[in-house]
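My entries follow in the order in which I looked things up.

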Amino acid sequence: MINQARPEKVTVLGAGSWGTALANVLIENGHDVLLWTRSSDQAQEINQKKTNHHYLKDTHLPDSIRATSDLIEAVGHSDILLFVVPTSAIRPVAQEVAGLVTKEVTIIHAAKGLEGGSYLRISQILDQELPADLVKGIVALSGPSHAEEVVKHDLTSITAASENPDQARFTQKLFINDYFRVYTNPDIIGVEIGAALKNIIALGSGIIDGYGYGDNARAGLITRGLAEISRLGQAIGAQALTFIGLSGVGDLIVTCSSPHSRNYQAGRLLGQGQDLESALDSIGMVVEGVYTTQAAYDLSQKMGIEMPITEAIYQILYDDLSVGQAITSLMNRRGKSEA
């Protein structure tokens with residue numbers, strides 16, 4: 001399928017691996033893209049060498065890609081703002097952007113996490129910080145997608161979720177092409193919860209792999225992890241069917257065993273005996289699941305939602321519980337019905 005969207009100007013806020021990969025898709029679809037980074041050195045590398053070596057090694061970016069470290073220039077470039085910064089940076093970046101927006105904008109985000117302390121989803125943070133009278137809609141772009149594969153044109157299918165169906169369809173047209181398929185979904189709560197919490201289960205998948213267990217253990221963890229994600233999601237208003245879609249089980253599949261998954265790889269190092277600080281240093285990039293685990297655990301405790309896998313991973317990360325003790329505790333829980 002050839003992209004049918006008319007050419008648009010798009011600003012991508014965040015020049016990590018995923019932001020760069022999405023900018024690449026947009027450029028190949030004929031859009032005028034400006035990529036923003038806080039690092040002037042990174043912007044210079046992208047502009048002059050057409051590479052982003054720290055995040056996407058051995059990838060040559062399109063000749064037409066442009067980057068800037070000037071947020072005023074970035075926001076002024078377009079009326080489509082795509083946030084692809086870590087969860088912890090969403091609020092401060094949105095606060096800066098809010099003071100620079102002077103026209104109606106479409107807001108898209110491709111971040112995956114919950115804010116610590118507030119437990120808010122990304123769209124809720126953006127809704128709080130950006131001027132409501134100038135925001136046409138907020139769309140979450142999520143699903144099973146590794147940046148390293150997208151830039152190689154591996155077949156990828158994801159979801160554009162929004163309470164505003166017109167904005168979801170607009171985002172779909174913006175991105176869809178013959179290797180990057182986009183579906184729409186009105187359940188932005190479920191899509192964002194699935195996107196955030198799958199990183200917790202990916203940590204667990206890596207932990208049991210690093211500890212020496214095999215496919216049986218991973219399959220059980222992923223399946224029961226999905227049950228936890230769905231349980232919490234439905235308690236805050238998500239639709240159950242969303243969790244068997246691309247942003248639920250789809251994202252779990254791709255994140256829980258791939259060498260491209262930072263969360264899986266960090267978990268694997270933990271399972272092999274490294275402490276959290278050493279594991280994160282080895283990864284060298286943000287591992288969202290570490291921070292989402294704390295937010296999800298706190299939220300589940302506050303709401304009285306049973307999430308034993310999340311609790312066990314929280315205890316490994318923050319209470320110095322050994323992996324062996326955590327596994328024994330999970331496996332020896334009282335017997336119950338799968339339903």
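**Entry 1**

I began with Asp166 and Arg169, which form a salt bridge with their closest N and O atoms 2.6 Å apart. The term stands for a side-chain nitrogen of Lys or Arg within 4 Å of a carboxyl oxygen of Asp or Glu. Both residues sit in helix 7 (residues 165–175), three residues apart, about one turn of the helix. Helices (H or I, at least four residues) and strands (E, at least two) are DSSP runs, numbered from the N terminus. I looked up the accessibility of Arg169 and found 41% relative accessibility, so Arg169 counts as partly exposed. The classes are buried for under 20% relative accessible area, exposed for over 50%, and partly exposed in between (1.4 Å probe, protein chains only).

**Entry 1: conventions**

I note that this is a predicted model, in which local features need pLDDT of at least 70, side-chain atom pairs count only at pLDDT 80 or more, and totals for chains, interfaces and linings use all residues. Residues are numbered from 1 along each chain as its sequence is written, and side-chain values use heavy atoms, with hydrogens and water left out.

**Entry 2: salt bridges at Asp251**

By the salt-bridge rule I get a count of 14. One of them joins Lys112 to Asp251, with the closest N and O atoms 3.0 Å apart. Lys112 lies in the loop between strand 5 (105–109) and helix 5, and Asp251 lies in helix 10 (residues 246–255), so this pair ties together parts that are 139 residues apart in sequence. I checked the accessibility class of both, and Lys112 and Asp251 are buried.

Asp251 also forms a salt bridge with Lys198, where the closest N and O atoms are 3.9 Å apart. This pair links distant parts of the chain, since Asp251 is in helix 10 and Lys198 in helix 8 (residues 188–211), 53 residues apart. Lys198 is buried, as is Asp251. I also looked for shared partners: Asp209, Asp215, Arg218 and Arg268 are joined into one network by salt bridges.

**Entry 3: the two domains**

Where are the domain bounds? Domain 1 covers 9–186 and domain 2 covers 189–332; the bounds come from an automatic or database domain assignment. Their C-alpha centres lie 25 Å apart. The contact (heavy atoms within 4.5 Å) takes 29 residues from domain 1 and 29 residues from domain 2.

I then took the buried area, which is the accessible area (1.4 Å probe) that two parts lose on being put together, summed over both. Domain 1 and domain 2 bury about 2300 Å² between them, with 64% of it on carbon and sulfur atoms. On the domain 1 side, Leu114, Tyr119 and His146 supply 29% of the area buried against domain 2, more than any other three residues.

How many salt bridges cross the interface of domain 1 and domain 2? The rule finds two. I also looked up Glu192 and Arg121, whose side chains meet in a salt bridge (2.5 Å, N to O).

For polar contacts I used pairs of N or O atoms within 3.5 Å; within protein, one must be able to donate a hydrogen and the other to accept it, and residues adjacent in sequence count only if both atoms are side-chain atoms. Between domain 1 and domain 2 the count is eight residue pairs (both at pLDDT 80 or more). Elements giving two or more residues to the side of domain 1 that touches domain 2 include helix 5 (122–129), strand 6 (135–142) and strand 7 (156–161). Strand 7 gives the most to that side, with four residues.

**Entry 4: single residues**

Val191 is in helix 8. At 0% relative accessibility, Val191 counts as buried. Beyond its neighbours within four places in sequence, Val191 is in contact with Ala140, Ser142, Thr159, Ala161, Asn185, Thr242 and Ser247.

Gly16 is in the loop between strand 1 (9–13) and helix 1 (17–28). Gly16 has 17% relative accessibility and counts as buried. Not counting residues up to four places away in sequence, Gly16 touches Asn52 and Tyr55.

Glu8 is in the segment before strand 1. Its relative accessibility is 12%, and Glu8 counts as buried. Leaving aside neighbours within four places in sequence, I find Glu8 in contact with His31, Asp32, Ile80, Phe170 and Leu174.
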